[in-house]
Amino acid sequence: MPRSNRVPYEAPTQDGRFGDYGGRFVAETLIHALDELTRLYASVSRDPDFLAALAQELKDYVGRPTPLYRADRLTEHAGGARIYLKREDLNHTGAHKINNTVGQAMLASRMGKTRLIAETGAGQHGVATATVAARLGLECRVYMGSEDIARQSINVYRMKLLGAEVAPVAAGSRTLKDAMNEAMRDWVTNVDNTHYIIGSVAGPHPYPMLVRDFQAVIGAEARDQCLAAEGRLPDLLVACVGGGSNAMGLFHPFVDDEGVDIVGVEAGGEGLATGRHAAPLHAGTPGVLHGSHTYLMADSSGQIAQTHSISAGLDYPGVGPEHAYWKDLGRARYTSVTDDEALAAFRVLNQTEGIMPALESSHAVAWALREAARRPPEDIVLVNLSGRGDKDIHTVAGIDGIEV
Amino acid sequence: MSRLGQRFETLAADGRKALNTYIVAGDPVPEATVPAMHALVRGGADLIELGVPFSDPEAEGPTIQAGIERALAHDVTLADVLDMMSAFRSDDRDTPVVLMGYLNPFLRMGYEAFCKRAADAGVDGVIVVNLPPEEAGTFRNALCVRGMDLVLLVAPTTTSERAAYIAGQGSGFLYYVSYKGVTGARRADAASVAKRLTDVRAAARGLPVLVGFGIKDGASAANIAPHADGVVVGSALVETMGCTAVAGIPDSLQAQVREIRDALD
């Protein structure tokens, strides 16, 4: 891999390629909007005024920096390496998603767009989009699969309270991928006045790059915080991967730190052998969906497969193209945990630390617990706690047979 | 000369507009497709666009989405579509057929493997909705080697400069999308199409320009056709496929296409 000869990592290329992955596979109608967004982003990402305004928003509105918390009782429970949690759950709206929506909303304003649209799975990205829309006085419509609407009802109501319209999508698997199809259809229709805030490091160029850059504040802070607390970098980074934005946000600032191992945890659902999972990097093949070339779960004739995960935010058949690139490069390793393991970790973190993680983030916690147990006490494992779990109380209660 | 080239030459010589008709392969059942294709030709279609079902058709409106879902309920694959194509070709050597779909099924089969099988089946070209020219080089070359065309699209948001670039990268014909939106969402607006088409036809440098999206019947076809080399009708035909008993589909389609043909001529 290129890093061994000390060439700093740089991706994507000008045409949005991460190695073989990424690119811009969309209907012609959208090319103009993507060109406009690419040009604008190229100018503002070097504009000190824009960057200062963004930093101010992240501080005053989002509540950054988020703490890097040493989880002593969790560490004790695992019985091995020291575990730190990057507390993205403490952001305004309760997840990392707002880092990106704040940035993209500023871009939308600069382009003079008056309407925001978004897709959402768990509802966290929808809430984060509805939130910035309310703050800027922009119209907002959020597409959400009808199955996800049923399992994330709290976030649905929250978006409505924020003044957004939640549009149910009953096509296909009625989950995140179908919401994204519908958002693309809206965008192609209303491209003149609408900005589409894609919520992950997915989609056509420049989205995987700009969402990564907006989320990289997670890793940049965590890197400084770890150096301050421990005087050295962590040995291992762990994050859950659906589309992969919280993971890439944590990982990217460490890309050239060769001593830092990086692990992305996909949704193993009911187990990879059952076929009911959402782990394209594990069990998928490269293909094209939603604007980019990346690993996908698809059948032998190229139809996108149905996925399954207990967590709506990970229930997606694709993954950001930069993760696909890192898998092939070997810069990150991708693994998976099952629904049951994630649920167990959800309970452990509640009871050892008084922290309720999102079911998405619980996947990262589950794998970190397993791995920390295998490592010596002097090792440092840094886990991205990407969101809080209040939205999942109904799901967990249902599994416990309790009606809340 | 290719079947597409020949067809456009004949149409130009006769002073007629091209009528291109779209249906989804396998909709509503696989055995309906070949008889439906022959019915389109009997009704007066000059070209057939055969839709390749895909699970995530992100540029389609509800009507064509429903047609694709009906086909996918029978697990219709790209390989099945090529078999239907061969069956059609055994009785019709002349009507050009272009496959229209989304990239992943083609990618999964492999460009080389697809092109070989498609050429053997008598396919004349492909339109891939989510494959802009920047990403299309490899596929286009593989098609070209086998004498097939890659038909590219131009949209209302495409700049004139880019339209010229697209025309240079594509072949067969240029597909102008009449409005911003998904298939079947509204009617094509003749005034705005006319305004833009002057520009697009200049950029096309002789490549025929067909207008699709929002052309539903004889009246809308006749409105748009004077500004282009032809029109594409899709959602209206797929609607018929969805609400007609399988045995009655050929007659219904033929009558529907005939009405449009008569309005054009």
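Buried here means under 20% relative accessible area, exposed over 50% and partly exposed in between, with a 1.4 Å probe and protein chains only. This is a predicted model, where local features need pLDDT of at least 70, side-chain atom pairs count only at pLDDT 80 or more, and totals for chains, interfaces and linings use all residues. Residues are numbered from 1 along each chain as written, chains are lettered from A and ligands numbered from 1 in written order, and side-chain values use heavy atoms, leaving out hydrogens and water.

**View 1. Y9(A) and Y325(A) form a tilted aromatic pair.**
Over all chains, the structure has 16 aromatic pairs, counted for rings of Phe, Tyr and Trp (its six-membered ring) with centres within 6.5 Å; planes under 30 degrees apart are stacked, over 60 edge-to-face and the rest tilted. For Y9(A) and Y325(A), the ring centres are 6.2 Å apart and the planes meet at 35°, which is why the pair is called tilted. Y9(A) belongs to the segment before β1 (17-18) of chain A and Y325(A) to helix α13 (residues 321-329) of chain A, so this pair links distant parts of the chain, 316 residues apart. Helices (H or I, at least four residues) and strands (E, at least two) are DSSP runs numbered from the N terminus. Y9(A) is buried at 13% relative accessibility, and Y325(A) is buried at 18%. Look around them, and you will find a cluster in which ring pairs link Y9(A), F251(A), Y325(A) and W326(A).

**View 2. In chain B, F114(B) and F139(B) meet edge-to-face.**
Their ring centres lie 5.9 Å apart with the planes at 65°. Helix α6 (residues 111-121) of chain B carries F114(B) and helix α7 (residues 137-145) of chain B carries F139(B), so the pair ties together parts 25 residues apart in sequence. F114(B) is buried at 0% relative accessibility, and F139(B) is buried at 1%.

**View 3. Charged ends sit over tyrosine rings in chain A, at Y61(A) and Y295(A).**
A charge counts as over a ring if NZ of Lys or CZ of Arg is within 6 Å of the ring centre and within 35 degrees of the ring normal. R135(A) places its charged end over the ring of Y61(A), 4.8 Å from the centre. K327(A) lies over the face of Y295(A), 5.3 Å from the ring centre.

**View 4. Helix α3 (residues 62-72) of chain B has buried residues on the same side.**
These buried residues are I64(B), Q65(B), G67(B), I68(B) and A71(B). Around the axis of α3(B) they cover an arc of only 160°, which puts them on the same side; the arc is that of the directions from the helix axis to the C-beta atoms. An α-helix has 3.6 residues a turn, so residues three or four places apart point the same way. The cover over the buried residues of α3(B) includes α8 (176-190) of chain A, along with β1 (18-24) and α11 (235-243) of chain B; contact means heavy atoms within 4.5 Å.

**View 5. An open sheet of 6 strands in chain A, with mixed pairing.**
The strand order is β3-β4-β14-β9-β10-β13, where two strands pair if DSSP finds at least two bridges between them. At the edges stand β3 (68-70) and β13 (333-337) of chain A, each with a single partner strand, so one side of each has no neighbour in the sheet. From one strand to the next, the twist averages 25°; axes are lines fitted to C-alpha atoms (for helices over the stretch in contact), and angles run from 0 to 180 degrees between N-to-C directions. β3(A) pairs with strand β4 (residues 82-87) of chain A in the antiparallel sense over 3 bridges, and Y69(A) has L85(A) as its bridge partner in β4(A). Helix α10 (residues 217-230) of chain A packs on the sheet against β3, β4 and β14 (380-385) of chain A, its direction making about 140° with that of β4(A). Helix α15 (residues 359-374) of chain A also packs on the sheet, touching β4, β9 (236-240), β10 (261-267), β13 and β14 of chain A, at about 145° to the direction of β9(A).

Most residues other than glycine have a negative phi, and most peptide bonds are trans. R174(A) has a positive phi near 55°, lies in the loop between β7 (165-169) and α8 of chain A, and is partly exposed at 38%.
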